[in-house]
Amino acid sequence: MSVLTEASDAEVIGRARRHPEAFAALFDRHYRKIYAYAARRLGAGLADDIAAETFLIAFDRRDGYDRTRADAGPWLYGIAANLIARHARAEVRHLRALARTGAIGVVEWDGDAVAGRLDAAAVRDRLAQALAALPAPEREVLLLVAWAGLSCQDAATAMDIPAGTARSRLHRARTQMRSALGMTNLNLDPEVNE
């Protein structure tokens, strides 16, 4: 398997077509990121199921993967996003619960850190409410960019939509978030090259 350590995702998937055990390398590379994304969207209770199902679906569809794409991350996030969409009501409930909870886990005393956490907690409630209020397509693009760290182009790939559609959804989501958070001067726009 050491050969797979240096291989691109596309090469791993290509090898997994004949040697299914090679797919484990893709799992090892991406599972934690997919799990973390699902946990942020739906909570830890459903994240493990979403992440596991993402890789089961990816394994089943490995023959159809576009191997011109070296990085399988956007493909995997797209599968996860579709699974999360099936749990849209759970996501909205989770976001609303985040907005209601004020629990801040402070372990040690650091005045600046505590103040920062309190400021973040105040914004977190409004942020969760604003995310819950976004239409699902806008929320999906925004969270793929903000939480999964995908570029707008990769988010478009993940959602199987044109890049221009992703950019306009992202712009609408950011505009709505600025308004909901009362932060009209906050720079949430992508870099020029996105």
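The lining of the largest pocket comprises nine nonpolar, five polar and six charged residues. Its volume is about 430 Å³, and among its 20 lining residues Arg69, Trp75, Thr157, Ala158 and Asp160 lie nearest the centre. A pocket is an open set of points on a 1 Å grid where a 1.4 Å probe fits, with protein on both sides within 12 Å along at least five of seven lines; lining residues have an atom within 4 Å of a point.

The model is predicted, with local features requiring pLDDT of at least 70 and side-chain atom pairs pLDDT 80 or more, while totals for chains, interfaces and linings use all residues. Residues are numbered from 1 along each chain, and side-chain values use heavy atoms, without hydrogens and water.

The structure holds seven aromatic pairs (ring centres within 6.5 Å; planes under 30 degrees apart stacked, over 60 edge-to-face, the rest tilted). Phe27 and Phe55 have ring centres 5.0 Å apart and planes at 70°, so the pair is edge-to-face. This pair links helix α3 (residues 23-42) to helix α4 (residues 44-60), its members being 28 residues apart. Phe27 is partly exposed at 33% relative accessible area, whereas Phe55 is buried at 5% (buried, under 20%; exposed, over 50%; partly exposed, in between; 1.4 Å probe, protein chains only). The rings of Tyr31 and Tyr35 are stacked, with centres 6.2 Å apart and planes at 25°. Phe27, Tyr31, Tyr35 and Phe55 form one aromatic cluster.

Terms used: Grid points are joined across faces, edges and corners, and a volume is the space filled by probe spheres set on the points. Ala, Val, Leu, Ile, Met, Phe, Trp, Tyr, Cys and Pro count as nonpolar, Asp, Glu, Lys and Arg as charged, and the others, Gly among them, as polar. Rings of Phe, Tyr and Trp (its six-membered ring) pair if their centres lie within 6.5 Å; planes under 30 degrees apart count as stacked, over 60 as edge-to-face and the rest as tilted. Helices (H or I, at least four residues) and strands (E, at least two) are DSSP runs, numbered from the N terminus.
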